[in-house]
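Here is a briefing on one protein model. Please keep the sequence and the 3D view open while reading.

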Amino acid sequence: MNPFSVRNKLIISVSLILCIPCALIGWVSYKTAYEQITDKTMEGLERNLQILDTYIDKMLSLPKQEISLLAQSIDADNIETNQEDGDSEIREIIDRFQSLSTDIIMTRVASHDGAFMFSPHLTLPSDYNPLEQSWYKLAVENPGIVSITAPRLSESNKPVVTMSRQTSDKKGVVAVGISLEELTRSVSQLTIAEGDILYILDPTGKVVAHPQEKLAEKPKGIYYDEILRSTSGDISFKVNGNPKKAIFLTNAQTDWRIIAEIDQLKIAQSVKPIFNITLFVLLIAICLTSILISVIVRSITKPLQVLVDASEKVSEGDLSGQVIITSQDEFQKLGDAYNHMIDSLSKFALYDPLTNLPNRRQFVFTLEQAITQASSEQSKFAIIFIDVDNFKQVNDTLGHSAGDELLQKMAEQLQSCIGSQGMVARLGGDEFVIFLEHSADHANLEKMLTTLRDSFVQPFTIHGQITFVQMSMGIASYPIDGVTQEELLKHADIAMYKAKELGGNNHRFFDDKMNELVIKKDQIERMMRLALERNEFNVHYQPQIESASGKIRGFEALVRWNSPELGFVSPEDFVPIAEKTGLITQIDEWVMYQACLKNVELQHQFGYPFLMAVNISALQLGRTDFVDKVQLILNETKMKPEHLEIEITESILVESFESSISILRKLESLGIKIAQDDFGTGYSSLNYLNVLPIHTLKIDRSFIQNMTSATAEKTIIESIINLVHKLGHDVVAEGVETKEQYNLLKEWNCDFVQGYYFSRPVSEDKLVELLMEEKNSTNQ
């Protein structure tokens with residue numbers, strides 16, 4: 001099962017959407033329970049704080065009143081220094097006071113001159129000085145009020161505090177000791193939960209009552225300082241990593257901080273069972289809901305899965321399937337629309353809508369079936385690949401609608417010729433292919449090809465215009481030329497292009513040499529692209545000789561390629577491919593730059609204004625920026641324009657006559673010379689010599705080779721030279737290989753000659769040697 005199916009995505013999506021509110025519910029439940037328990041705990045602690053505060057007030061209020069009365073009743077001047085022999089009246093007062101006060105554990109009086117009395121009697125060190133005691137100092141510092149000392153442990157190791165007040169005559173101090181045992185018990189009893197504690201600190205931070213800390217000592221913890229800085233409130237802090245919270249208030253009489261601490265981790269643990277139960281209930285709800293969702297989604301996506309399965313079959317080429325959906329909803333309508341679409345698609349997918357012929361898909365399917373059958377029966381068949389030679393001309397001159405009409409009429413004509421002998425299909429554009437069952441021998445195929453060609457001898461009338469059709473055909477046979485549909489189509493296509501290369505309007509049977517040639521061309525194309533990057537091209541130079549003097553007039557730059565992978569590649573092999581792929585423009589520019597650079601170097605070295613001739617392709621002459629490119633090269637190499645000659649072929653002029661003339665005139669205006677190359681090999685027209693801005697005409701080597709043995713050739717060449725001279729142009733004869741040829745051309749006043757008789761194309765190094773030899777021979 002596909003984990004990313006729509007069904008699984010819907011189930012996962014809905015489940016996730018369901019989980020979000022469930023998670024929120026669980027979180028809210030947890031937070032609510034946590035906050036409620038925390039609030040309840042805090043309320044209980046606050047009540048305990050209030051109880052302790054009230055208890056302290058009650059515990060200290062009566063002793064405060066009593067000590068105030070005692071302070072008014074005692075005359076401090078009557079206190080003797082020795083408490084054993086003191087004033088019997090003061091002794092009687094403090095003993096009676098001590099016996100009547102149950103909360104007071106000791107009563108003291110002291111005068112400002114150091115006399116003192118204790119009740120009950122207490123044996124003290126001989127150096128005991130009451131004036132140095134904290135209770136005495138506090139009373140003197142705070143006259144008129146009752147002062148309370150910091151807590152301490154008594155001689156009997158009991159927690160006590162001392163309350164003191166100055167006597168009314170301000171000559172002494174009365175003090176009483178108060179036990180804190182009952183307060184400590186109350187603090188311990190009021191702790192409401194494990195981990196929660198109540199305690200009391202005096203204003204200096206010492207413990208007044210604490211279930212865990214020692215009395216009269218400062219407990220460790222920086223949060224105690226924060227508590228002492230405020231009179232009431234709450235703070236949060238951590239103890240050993242555990243979160244704690246404390247609330248506190250201040251007793252008005254004593255300025256003691258009454259503090260309650262709670263362990264928040266304990267609260268979280270108490271909430272955990274509630275959270276676990278809630279989570280368990282939510283998980284059960286999610287599981288049950290997911291099961292229900294899965295059932296619902298399955299019923300919804302089942303028709304969709306039917307459509308997916310059918311679509312996968314269509315993607316594999318099976319257009320025969322129909323879907324059956326009876327869900328009585330939009331999916332059923334979608335299924336009906338799908339079936340209708342498949343019916344239409346099967347027609348358009350397998351047949352060409354323009355000609356109603358089987359298309360490539362259908363033809364390949366038929367071809368594969370034929371291969372399977374022929375393989376089992378050991379039989380043979382053939383296919384014919386057809387391309388219309390002049391289809392582009394029809395489209396360009398009459399329009400695309402005329403081209404479509406021509407294709408339709410061709411389809412009808414081809415079907416009429418083939419009949420029941422095979423199948424005609426249109427592969428695309430102007431390409432047709434014919435499958436001929438049981439017709440693989442050459443004799444039968446030749447008859448069929450002749451019949452096909454004869455059927456197209458009569459022209460078609462397209463948009464009121466008479467249109468002739470020419471076809472190039474390539475033939476491949478099973479199993480000789482291929483055992484798969486790819487091989488057969490490829491080889492028939494190769495044979496068809498070979499027929500086109502040979503002029504078109506004919507046919508060729510595939511052979512292995514054609515395939516080798518295609519492979520070689522493919523290798524050349526791939527390696528040629530790398531050759532530009534790796535600088536594998538070089539320029540050779542063939543001298544042009546002045547016929548009269550025999551001196552070198554200039555050179556023709558010729559590109560050469562020596563590939564590390566392919567070895568030396570002939571220009572006849574790679575230049576046509578470069579023209580076809582468009583790489584020729586880069587090669588031409590590179591050759592022109594190198595040739596100009598070399599010519600400037602030679603001119604400086606030998607002091608002679610050599611002329612450098614460079615060939616250009618039709619692609620270059622068709623570019624709008626070609627003149628700018630030439631100008632840029634001349635500027636960068638610093639060569640004068642009059643020392644550059646650009647050679648063009650007659651085929652370039654035929655392809656784009658008007659635009660070519662415009663560009664040539666721009667080049668001429670720069671001072672560049674124009675030469676017409678290969679005159680006499682193609683569409684030679686003497687009219688060109690009068691119309692084109694040319695300076696030189698180059699007679700093709702094919703005339704020169706036969707001139708010494710053929711009288712007609714001599715007459716033609718001599719006439720061309722005389723005619724061109726009358727038009728004011730120079731003449732160059734190419735391909736001069738013998739002294740006899742040279743003497744005749746010299747006799748006819750041919751201006752310049754070049755060929756193997758003088759020199760083959762040479763590299764840069766040998767070119768310098770050649771010029772040095774000529775210079776030395778001249779000097780001699």
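The points below cover salt bridges, pockets, selected residues and backbone geometry.

This is a predicted model, in which local features need pLDDT of at least 70 and side-chain atom pairs count only at pLDDT 80 or more, while totals for chains, interfaces and linings use all residues. Residues are numbered from 1 along each chain as its sequence is written, and side-chain values use heavy atoms, with hydrogens and water left out. Helices (H or I, at least four residues) and strands (E, at least two) are DSSP runs, numbered from the N terminus.

**Salt bridges**

- The count comes to 24 salt bridges, each being a side-chain nitrogen of Lys or Arg within 4 Å of a carboxyl oxygen of Asp or Glu.
- Arginine 91 and aspartate 95 pair at 3.4 Å, N to O. They sit 4 residues apart in helix α2 (residues 88–100), so about one helical turn separates them.
- Arginine 91 is buried at 12%, whereas aspartate 95 is partly exposed at 30%.
- Aspartate 522 bridges to arginine 526, with the closest N and O atoms 3.1 Å apart. Both lie in helix α13 (residues 512–534), 4 residues apart, so the spacing is about one helical turn.
- Aspartate 522 is partly exposed at 39%. Arginine 526 is partly exposed at 42%.
- Arginine 553 and glutamate 645 form a salt bridge with closest N and O atoms 3.7 Å apart.
- A network of salt bridges links Glu556, Glu647, Lys698 and Glu734.

**Pockets**

- Pockets were found on a 1 Å grid over the protein atoms alone; a pocket is an open set of points with protein on both sides within 12 Å along at least five of seven lines, and lining residues have an atom within 4 Å of a point, whereas in a cavity a 1.4 Å probe fits but cannot get out. Grid points are joined across faces, edges and corners, and a volume is the space filled by probe spheres set on the points.
- The largest pocket has a volume of about 1,700 Å³. Its lining has 46 residues, and Pro571, Val575, Pro576, Glu579 and Asp678 are the closest to its centre.
- Helix α14 (residues 571–581) gives the largest share of that lining, 7 residues.
- The lining of the largest pocket divides into 17 nonpolar, 11 polar and 18 charged residues. Here Ala, Val, Leu, Ile, Met, Phe, Trp, Tyr, Cys and Pro count as nonpolar, Asp, Glu, Lys and Arg as charged, and the others, Gly among them, as polar.
- The second largest pocket has a volume of about 440 Å³. It is lined by 14 residues, with Tyr497, Glu501, Val518, Lys521 and Lys580 nearest its centre.
- Elements giving two or more residues to this second lining are α12 (485–501), α13 and α14. The largest share, 6 residues, comes from α13.

**Two residues in context**

- Lysine 746 lies in helix α23 (residues 739–747). It is partly exposed at 38% relative accessibility.
- Apart from neighbours within four places in sequence, lysine 746 is in contact (heavy atoms within 4.5 Å) with Ser547 and Ala548.
- Histidine 210 sits in the loop between β8 (207–209) and α5 (223–228). It counts as buried, at 8% relative accessibility.
- The histidine 210 side chain reaches the backbone nitrogen of glutamate 213 at 3.1 Å. Beyond neighbours within four places in sequence, histidine 210 is in contact with Ile197 and Tyr199.

**Backbone geometry**

- The peptide bond from serine 119 to proline 120 is cis, with omega near -5°. Proline 120 is in the loop between β2 (116–119) and α3 (134–141).
- Tyrosine 478 and proline 479 are also joined by a cis peptide bond, with omega about 5°. Proline 479 is in the loop between β17 (471–478) and α12.
- Aspartate 255, not a glycine, has a positive phi of about 65°. It is placed in the loop between β10 (242–250) and β11 (257–263).
- Histidine 463 has a positive phi near 55°. Its loop runs between β15 (460–462) and β16 (465–467).

Technical notes. Buried < 20%, exposed > 50% of the residue type's maximum accessible area, 1.4 Å probe, protein only. Polar contact = N/O pair within 3.5 Å; in protein donor to acceptor, adjacent residues only side chain to side chain.
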